[in-house]
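Colleague: I would like to learn how to read a model of this kind, one feature at a time. Could we begin with how one decides where a residue sits?

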Amino acid sequence: MKRELPRMITLVTGVFLALQYYVPHRSSAHMYETLMDWLIVVGIFAILLGIAGLVRQHLTKIQSRRENWPYSVALLTGLFGMVILGFWGQGLGSPFVTAYFTLLNPVQATMFAMLAFYIASAAYRAFRARTLLATILLLSAVLVMLGRVPLGELVWPPFSLGSLEIPGIAQISDWLINVPNLAAKRAIYVGLGLGGSATALKVVLGIEAPHLRG
Amino acid sequence: MARSDSRHERRVRRAYPAALTLTACLLTALPAGALIAPVPHVEAYDRPNDPGETIVVAWELSPDDRTPPPGDADAVTVLSYRVLRAESPTDTLTEVGSALPGKTLYRDSEVRDNVAYYYQIQTVGTDSSLASSAWAGPVRSSGQWFDTNKAVLLAFMLLFCGAVLVLIHQARAGRELFIRPIPGLSAVDEAIGRATEMGRPILFVPGLGTSGDVATLAAYTMLGRVAHRTAEYQTGVRVPCYDPMVMTIAQDVVKSSYLDAGYPDMYREEDVFFVTQDQFSYVAAVNGLMIRERPATNFYIGKFYAESLILAETGNFAGSIQIAGTDEIVQIPFFVAACDYTLIGEELYAASAYLSREPPLLGTLKGQDWGKAAVMILIILGTVAATLGWRGFIDFFATQ
């Protein structure tokens, strides 16, 4: 029963949600919204559970002076510090908002900005022309990148060789993006759509229920 | 008497076209713009395939709905169309909306289902003159129980599900099903073995998706298989979670897998933990974990956004073997560049079947292949139809 009941609930809910997509009637939309509201309620309890687990884990780490325990102190100070600051109002200029904009926001922006460096290092590795395929990738990337900036258009504009019209780098870049690249993307989308449907079917039918094994 | 009546009718009939011609002549003789022409035809109908409480009013443009001819700035044209509504033809009309010149459609969403309504379109001229159309109605709105625009999609869903169920049945009956080798999945055992040899944990990142995302469902199945193997190899697995609901399910998945593998005592709840629901704070925490604990193997399976490359590059610097899979197409190239193995497209969903080789799972995998074959055939047929101009075939698959 411990396993069969969740499987049954999954089956009924899964079939309902799959069919609900085809029923535009208000009552169907209302039931869907009710289910989504339940999800929010469950989500709130899960957040409490998550925070409780996080606090317990880091308190244990501090108490037993495990390796890197000062990081846990920083985490708990940040967590409870923001909650306490929230009691002094949440308007512009309040301690909570000030702490958000002067501490959390710059740190987040820094993390995001680091992405530029990571892209550079990953691109260096990906574009090394070691094989034929890697060389094609490198050439395509150079053409696409040059075609996206005004300098590329300046260096390689469209021109004619007798009666032959040679496209400019911007047109070549657009062709690479809209034809071979889009074709590959669509193929992946088709695979993902079918794979996603098959996975959903496995879960709904209870064929795949990793949380109910054992 | 009857004779004289019919003579009179004949006279009237003869005089009618002459009267019409005279009226037309008089109208054209009037100064331009003295009258605005009403819309010639109005119809109102229940909006199809909707939840209800919407009526669509459609009309043909007034003959005066045009750009004024050059040099005739005083010509009267349409300023707007007013949509008037009443619950019976004898009721007072209420304006429920208006439309600009050139528009021929108005959706009235302030109606009650199963109540009769009558509509009229009033054309407003640039000289403020008004011309009312004929009545349209009665019309009642109602909600529909089936969206006919999605009929083809439903048919394909049923066909696909049917094919998958048949193949599951065949696989259970013992039919051999071939699966092509997937390097990213073949490397899972090797990656877990490496972690065991090095005495370091495995890091499994389920991404930023919620528990309702299919990619997260795929992450659960992969986590289940990975946790099963790590339990057998006596290696630790760390699962930092972005979503608390994903965390609770991931805890169950790992616990169940340890139990299934026969090592329930190895399970530690703190290994599957919630971090934060802030994207870059999550990245900072996971990166810190990679640098401090130096996991031997990193799995990135689920939904990933801008953080994908930051995570994968940090793992690369830390010297971990990395296996990634996501349904976010934009992130796949980043994983390809920074990870040792990347599951592309539907390979993400093949993990459980590939690793377990259980017949029902193999059947679903084969069903996906049949689905892909059907899509390929339809694409070829669609290309041929489009080339030959067979609109019927293309329109059959069109969705609104």
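Predicted model: local features only at pLDDT ≥ 70, side-chain atom pairs only at ≥ 80, totals over all residues.

Colleague: Which residue of chain B has a positive phi although it is not a glycine, and is B:S128 buried or exposed?

Modeller: B:S128 has a positive phi of about 70°, and lies in the loop that links β6 (117–125) with β7 (130–132) of chain B. With 9 other C-beta atoms within 10 Å, B:S128 is exposed.

Colleague: How should I read the nonpolar core?

Modeller: In soluble globular proteins, nonpolar side chains tend to be buried together. Here the largest nonpolar core has 93 residues, and those touching the most other members are B:A218, B:L223, B:V226, B:C241 and B:A250. Helix α4 (residues 214–233) of chain B gives the most to this core, namely 11 residues. If residues up to four places away in sequence are not counted, B:A250 touches B:P206, B:Y220, B:L223, B:V239, B:C241 and B:V272. There is also a second, separate core of 14 residues, with B:V39, B:Y81, B:Y117 and B:I121 among them.

Colleague: Is B:L355 buried or exposed, and which residues is B:L355 in contact with?

Modeller: B:L355, found in helix α9 (residues 351–356) of chain B, counts as buried because it has 21 C-beta neighbours inside 10 Å. Leaving aside neighbours within four places in sequence, B:L355 is in contact with B:L185, B:V188 and B:R225. The C-alpha atoms of B:L355 and B:V226 are separated by 9.2 Å, although these residues are 129 residues apart along the chain.

Colleague: How do I read a sheet, and which strands stand at its edges?

Modeller: Strands of a sheet pair through backbone hydrogen bonds, either parallel or antiparallel. In chain B an open sheet of 6 strands has parallel pairing and the order β11-β10-β9-β12-β13-β14. The edges are formed by β11 (272–274) and β14 (341–343) of chain B, each of which has a single partner strand, so one side of each is left without a neighbour in the sheet. Direction ignored, neighbouring strands of this sheet are turned by 15° against each other on average. Between strand β13 (residues 321–326) of chain B and β14(B), which run parallel, there are 3 bridges, and B:I323 stands opposite B:Y341 in β14(B).

Colleague: Which helices pack on the sheet?

Modeller: Helix α3 (residues 183–198) of chain B does, touching β9 (202–207), β12 (297–303), β13 and β14 of chain B, and its direction makes about 140° with that of β13(B). Helix α7 (residues 307–317) of chain B also packs on the sheet, where it touches β9, β12 and β13 of chain B, with its direction at about 165° to that of β13(B).

Colleague: Finally, how many residues does the contact take from each chain?

Modeller: The contact takes 49 residues from chain A and 62 residues from chain B. On the side of chain A that touches chain B, α2, α4 (95–126) and α7 (169–204) of chain A each supply at least two residues, and α7(A) gives the most, with 15 residues. The residues of that side divide into 28 nonpolar, 15 polar and 6 charged.

Definitions and conventions:
Residues numbered from 1 in each chain as written. Chains lettered and ligands numbered in written order. Helix = DSSP H or I, 4+ residues; strand = E, 2+ residues; numbered from the N terminus. Buried ≥ 20, exposed ≤ 12 C-beta atoms within 10 Å, placed from the backbone. Core = buried A, V, L, I, M, F, W, Y, C linked by C-beta atoms within 7 Å. Contact = placed C-beta atoms within 7 Å. Pairing = 2+ DSSP bridges. Axes fitted to C-alpha atoms, helices over the stretch in contact; angles between N-to-C directions. Nonpolar A, V, L, I, M, F, W, Y, C, P; charged D, E, K, R; others polar.
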